Amino acid sequence: MRVNLPVSTQEYVFPKGETLVSTTDLKGRILYCNPMFIEVSGYEKEELLGQPHNMIRHPEMPEEAFRDMWETIGNGHPWSAAVKNRRKDGSFYWVMANVTPLMQGDHPTGYMSVRTEASREQIQAADRLYATMRAEKERGSLVHVLRNGRLVRNTAWGALAARFKLGPLGKMCMCLAVLVLAAWGAADLGGHNFSFGSTLAWVGVLALAMGMAWYLHSATVAPLFQMLGWANRMAAGDLTQKIEVSRDDTVGNLQKALSQLNVNLLSIVRDARQESERMQVSTREIAQGNQDLSSRTENQASNLQQTAASMEEITGTVKHTAESARQATVLATQATSVAERSNQAVDGVAETMKQIQTASGRIGEITQLIDSIAFQTNILALNAAVEAARAGDQGRGFAVVASEVRSLSHRTLSAAKEIRQLIDDSATKVEEGHQKTDTAQKTMSESLELVRRVNTLIGEIHNASNEQLTGISQVNAAVAQLDTITQQNAALVEENAASAMELQGQAQSVTETVAVFRLDASAPAQAQDAVALRKAMKSSPQRALVSA
């Protein structure tokens, strides 16, 4: 027997009011399981479909329980008992298992298991019984065994009791035989002497009583067996039976009730199947549309995110440009101030050059005066020399002085000429400097005007950059807000897509659930290939995600 490990002592409480449903093929491989079965087992759907059903078997379950189950359902009868199962994490849970064969004609094609909540009394009784069975197996003498889910004792007395256990017909025969024997005993006690003929009469009465018992059995119990078969087939999901009402009594009324129940279930299940199939088609379209919308929204969100990043870079560039324009404005203002000071300096130089030119003119006038004085001195010296020559020896000293004065006059005149030449040269250079200063002044004025215009333009650029920065910042904020909204929309669309996929899965589960019922007797039973199903589940993306 398969042993699933590890196990723990942690009990998983069965959800109240819930049922766990699964179907298997004849080899016990899972073909369908409802969402609650998946949740309670702790496995994923992809880990269950196509796998042997005994993957949830708890090691403490005795082999005898499953031997009896397979024997019972193999004979086409339902089986029910308390079962302890193991979850994927090793914890355990108790259920009341109800296993019913799915029939195709007179042959089972699979099995359906419906598990409900077991009471605490049922759990305690089953736990004690299974512990006893495990202990008996270890000793090699199994006393407590199951027959059709019922406990019997594997002893001589138990075997004798099982062998002489009477069915409905046997009980009727025994009752009528006791009644006849009691009548015979009462007649004997009443003083009647029985002859051979009378004895034969009583034997005839006993035989008649047996015949009446058989008739009563055929009239009351036998139809119940037929209806029991119908009920079992209905319990297995086969609604294709034609239940004929053959009597007009209580049994007939029961036949009529079963027939009406079968018709009502057939109608309800057919409507449910049709609506679930329509819902599955609609949910598949919705899920596909949501998937496409989710994909497009994700692409839009990605593009918008890239746009937001680009806008942020542009905002940074414009901000840097605005800062550079601001610094350029400051530098242009400083350049304007420097140009204005340079213009003032040039104006000061021009004014100084004018003063130098005026002073040079004044020096020329003084030089001319010196030249005139030297000329007059020279004439006076000549006159003095002439007078000294006339005076003879008395005027010799005066002649020496006159000669010195004349020499000084010549030197003064020579110096005055040199000074005039220097002054003329200086005047020429001063004039040239004055012209150049005027040119420089005009150039500085033009430069100052240009610098002022550049300052004005840079100021306008600065203002435009600030306005551009403000506008782009607003656009960036709007794009960022749009990006946030788009991300939220993308998340919402993804949630909607997930909800649509979940709804599609639920529709698929509903479709698979009602597919258990057979509605058309001429249609073959739907038989899935467990091996192909297991391979499909192993290759599914969800299984790959679970394995990771």
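Visitor: How many bridges join E3 to E4?
Guide: Eight bridges join these strands, which run antiparallel. Strands (E, at least two residues) and helices (H or I, at least four residues) are DSSP runs, numbered from the N terminus. Two strands pair if DSSP finds at least two bridges between them. Please note that this is a predicted model, in which local features need pLDDT of at least 70, side-chain atom pairs count only at pLDDT 80 or more, and totals for chains, interfaces and linings use all residues. Residues are numbered from 1 along each chain as its sequence is written, and side-chain values use heavy atoms, with hydrogens and water left out.

Visitor: Which residue in E4 is the bridge partner of Ala-82?
Guide: The partner of Ala-82 is Met-96. Likewise, Asn-85 stands opposite Tyr-93 in E4.

Visitor: And what lies between the two strands of that hairpin?
Guide: Five residues lie between E3 and E4, and Gly-90 takes a positive phi near 100 degrees in this hairpin. Ser-91 also belongs to the loop between strand E3 (79-86) and strand E4 (92-104).

Visitor: Is Ser-91 buried or exposed?
Guide: Ser-91 counts as buried because its relative accessibility is 4%. Buried means under 20% relative accessible area, exposed over 50%, and partly exposed in between (1.4 Å probe, protein chains only).

Visitor: What does Ser-91 touch?
Guide: Not counting residues up to four places away in sequence, Ser-91 touches Ser-8, Gln-10, Tyr-12, Asn-85 and Arg-86. Contact means heavy atoms within 4.5 Å.

Visitor: Let us change topic. What is the order of the strands in the sheet?
Guide: The open sheet has five strands in the order E2-E1-E5-E4-E3, with antiparallel pairing. Strand E2 (30-33) and E3 stand at the edges with a single partner strand each, so one side of each has no neighbour in the sheet.

Visitor: Why is E4 described as largely enclosed?
Guide: Eleven of the 13 residues of E4 are buried, so the rest of the structure largely encloses this strand.

Visitor: How many bridges join E4 to E5?
Guide: Nine bridges join E4 to E5, and these strands run antiparallel. Thr-100 stands opposite Met-112 in E5. The hairpin of E4 and E5 has two residues between the strands, and Gly-105 there takes a positive phi near 70 degrees.
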